[in-house]
Amino acid sequence: MDHSPLPTTLPARYYTDPELFERERDRFFFHRWVCAGREERIARPGDYFLCDVAGESVIVTRDAANQVRAFYNVCRHRGARLCSEPSGNFVRITCPYHAWSYALDGTLAGAPHMDQPGFCREDYPLHPVHAEVWEGHVLLHFGSPAESAAAALAPLAAKFAAWKMPELRFYQRIVYDVKANWKLIVANYNECLHCPPVHPALNPLTDYLGADNEPPTPHYIGGVMSLRPAAGTMSVHGSLHGRSPLPDLTEAQRKWAAYYAIYPNFLLALHPDYMLTHLLWPQAVDRTRVVCEWHFHPSEMSKPGFQGEDAVAFWDQVNREDWQVSELSQQGISSRAYTPGPYSRREELLQAFDREILAAGEE
């Protein structure tokens, strides 16, 4: 009998220590590509939305040359926050304090009362944040990325090219406040051993032991599950509800339910007729804001009588079940009685995620 020690969950401090949480959030959210949202939110030059990343407010916009840009929401004059409305359209980015104004590419365009020797407008552009569009999603990087998001995620783009994610369009958004550490939500997303007791609506649609997980990478973990023969998609009744599958999927892909966690905050789920995304925004060591969105093909959404509420209601139920058990995990791990427990061999993706957490702590 093999008596070698089993891999175990992380010590409690990784989920309960506020100082460790701040260090970890800095290493993951400021030194990796972070998903801010969908490119369609900034369809025209001057469109913008604000993104709060670990307490840093970022303006995500599109400049006159149609390039996606991102800037710290900080005026170069005396540091005032430039923008407070969560979304809108700029002609110029103008500070409400002393009316310094910036072009959409971040260059300083106007600086009242600064016509004096030694002042040069070129010296005071907005502080940029790296921004890249990957498959219709805007990704941000606050440091000096070792590689582009496109390079890091190239295998996923190739695997799911038939979904044509850039073409899909927003349908509905639900925002959740989950009283759990963000890592517990990522871990819960990447295993289905809990599905029989927690998600009774899932089992009729997919086999909880049927995931075809990919070998873990430093950028993401995940895999594909096959729908049961009678299921058409992940929805309240398991049917497409009059919708057609996405137009370029193969017959095999029309039976896929794919679930990937792209580090650190992007949970991507692709189904035969829609895309589901979750963005995780850690607020405290034991609290996470989760923004969940459903996206469908525009040609389908334009059909008379289209509705996707069956997909929304299905995942809203599953989400709330997941948040409940994640909160129970947070509560239990916070107990003085907690000690790390053993992983099963079917929890290899969680072990891989733990290794990324530990490696980030050594940086």
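**The largest pocket and beyond**

Guide: Start with the lining of the largest pocket: its residues divide into 19 nonpolar, 10 polar and four charged. Keep in mind that this is a predicted model. The space in this pocket comes to about 540 Å³. In all, 33 residues line the largest pocket. Closest to its centre are Tyr189, Asn190, Glu191, Cys192 and Met225.

Which elements give two or more residues to the lining? Two are strands: strand 13 (220-226) and strand 16 (274-284). The others are helix 5 (182-189), helix 8 (309-333) and helix 9 (348-362). Helix 8 gives the most, with five residues. How is such empty space found at all? A probe the size of a water molecule is rolled over the atoms, and this shows where space is left.

Now turn to the aromatic rings. A pair of rings is described by the distance of the centres and the angle of the planes. The whole structure holds 23 aromatic pairs. Take Trp100 and Phe119, which form an edge-to-face pair. Their centres are 5.9 Å apart, with 70 degrees between the planes. An angle over 60 degrees counts as edge-to-face. Trp100 sits in the loop between strand 6 and strand 7, and Phe119 in the loop between strand 8 and strand 9 (130-134), so the pair ties together parts that are 19 residues apart in sequence. Trp100 and Phe119 are both buried.

A second pair is Tyr274 with Phe296. The ring centres lie 5.4 Å apart and the planes stand at 40 degrees, so this pair is tilted. Tyr274 belongs to strand 16 and Phe296 to strand 17 (residues 287-296), so parts 22 residues apart in sequence are tied together. Both Tyr274 and Phe296 are buried. Strand 16 is also one of the elements of the pocket lining.

Rings can also gather in a group. Phe28, Phe29, Trp182, Tyr263 and Phe353 form one aromatic cluster. A charged residue can meet a ring as well: Arg41 lies over the face of Phe49, at 4.1 Å from the ring centre.

Strand 7 (residues 101-102) is joined to strand 8 by two bridges. Tyr102 has Leu108 in strand 8 as its bridge partner.

Note on methods. Residues numbered from 1 in each chain as written. Predicted model: local features only at pLDDT ≥ 70, side-chain atom pairs only at ≥ 80, totals over all residues. Heavy atoms only, no water. Pairing = 2+ DSSP bridges. Helix = DSSP H or I, 4+ residues; strand = E, 2+ residues; numbered from the N terminus. 1 Å grid on protein atoms, 1.4 Å probe; cavity = no way out; pocket = protein on both sides within 12 Å on 5 of 7 lines; lining within 4 Å. Points joined across faces, edges and corners; volume = space filled by probe spheres on them. Nonpolar A, V, L, I, M, F, W, Y, C, P; charged D, E, K, R; others polar. Phe/Tyr/Trp six-rings, centres within 6.5 Å; stacked < 30°, edge-to-face > 60°. Buried < 20%, exposed > 50% of the residue type's maximum accessible area, 1.4 Å probe, protein only. Lys NZ or Arg CZ within 6 Å of the ring centre and 35° of its normal.
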